[in-house]
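Let's walk through this protein together, with the sequence and the 3D view side by side. We will begin with a pair of helices and then widen the view.

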Amino acid sequence: MEKSKKDFNGLIVASIVGGVFVIALGVFYIFPNQILYALVAIKGAGIQLASVVLRHDFRSVAEIKSNYADAINTNSSLQTQKKVRILIVPGHEPGYGGSEYASLKERDMTVELGMYLRKFLENDSHYEVFITRDTEVWHPDFTMYFKNNWTDIAEWTKASREEFSSLVSLGSVARTVSTVVHNNAPKSVALRLYGITKWANENAIDITIHIHFNDNPRRNTSIAGKYSGFSIYVPASQYGNSSTTRVIASTIFNRLGKYNSVSNLKGESVGIIDEPDLIAIGANNTADSASMLIEYSYIYEPQFQDSQVSSLAIKDLAFQTYLGLQDFFDPSTSATRSLPDTSILPYEWSGTLLDYNSSGQEVYALQTAMMGDGVYPPLGKDKNDCSRSGGFGPCTRASLEAFQNKYKITGETGVVGKKTLVVLKGLDL
Ligand SMILES: [Zn+2]
């Protein structure tokens, strides 16, 4: 993809001479995150060099917003019309990797969410959407890219590591450490992740969203773990794509947080986590696009254990992500949306009585509606205690009673009967 950028944030020539990285002093650039970088490499005169040019083009908030503004202009004769280019990366690989719980596979759930997200974005003319794979195969563009550029990806990755190490040793940036332990990816998987970043840089991607479902180490993996909720990993502050990512992540965070709990794992409970080591979001200063990795939930959470409830839950996680992007680009329009702020509502309940121990989509929709109305989770509980689970237990009963008190519904205490349904359907959410 040809880029018509008139300038870029920094040009760094990394020259590798017999494996030794040669640097010389240089020019100071101010990156969007106000970090000073100093690095210009020299080429040894007369020596045949294997050189890799590292070109950084970190997206600023203003640039991404200007692409959004350009996309509104539907004048088809306008050759310069841009859109916001979004790359969706379902976590892990076709048929390989990721967490598993009972019959659930994270690598397939991430595709399901990615496909929903793509659909929401594609229905909006501001966005041009790319996705790396489905459940079976890589998208042909990526298959070809990996095949034809494997050596380049490896060299670029190596040069990026060396450049970043040099910045650290020059004292220009600090190397920080992760607060949460991550699994190390096998070498080929890691290289494909770097390859996705390289592709995104070369294809002028503005925003990259990596989709994951979380798990936590525990002795018996056939029983659910004790943590729940979502978290968003963003590049640590020493990276050029850090500050832009953080701004976008915060609007997505706010949307996801309305209906979903934030992870209660120590280290993740801050919600948006600075992360220096995740390849996906630009470890070693590799990613130009605003890049975040969202752990949408823990895989063993109850809403994923029933396939029908799961599809509602996953669709809504995608929808909240889409709304979060809208909040970033167009907060005033987003705030005055007349439609419900969840894809679950309006919901057509069948009219079947719901009571204690009921489960399924109708209960999930009930929990969502009550959450929108402010009575779920019940008083004294948080969203980790009482998530939208799709199961009618103590949380739902307590909230339903509060809901019925609020709307003076009598004769149906603790169960969803006709009168309660009428009020539920009439909620203006
Ligand atoms: Zn994962």
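Is the crossing of α8 and α9 left-handed or right-handed? The crossing of these two helices is left-handed, a term used when the near helix is turned anticlockwise from the far one by less than a right angle, and right-handed if clockwise.

Before going further, a word on the source. This is a predicted model, in which local features need pLDDT of at least 70 and side-chain atom pairs count only at pLDDT 80 or more, while totals for chains, interfaces and linings use all residues. Residues are numbered from 1 along each chain as its sequence is written.

Back to the pair: the axes of α8 (residues 361-372) and α9 (residues 394-406) come within 11 Å and cross at roughly 50 degrees. That makes α8 oblique to α9 (under 35 degrees counts as roughly parallel, over 145 as roughly antiparallel, 65 to 115 as roughly perpendicular, and the rest as oblique). Where they meet, α8 brings V363, L366, Q367 and M370, and α9 brings T396, S399 and F403; such contacts have C-beta atoms, placed from the backbone, within 7 Å.

Now for the whole protein. Its secondary structure comes to 10 helices and 13 strands, taken as DSSP runs (H or I, at least four residues, for helices; E, at least two, for strands) numbered from the N terminus. Of the 429 residues, 44% count as buried, meaning that 20 or more other C-beta atoms lie within 10 Å of a residue's own, with exposed at 12 or fewer and partly exposed in between. The mean pLDDT is 87, and 85% of residues reach 70 or more; pLDDT is the predictor's confidence in each residue, from 0 to 100. Over residues 1-51, however, the pLDDT is below 50.

After α4 comes A204, with a positive phi near 55 degrees.

Finally, look inside α3 for S160. S160 is buried, because 24 other C-beta atoms lie within 10 Å. Leaving aside residues up to four places away in sequence, S160 touches L54, N284, N285 and T286.

Methods
Contact = placed C-beta atoms within 7 Å. Axes fitted to C-alpha atoms, helices over the stretch in contact; angles between N-to-C directions.
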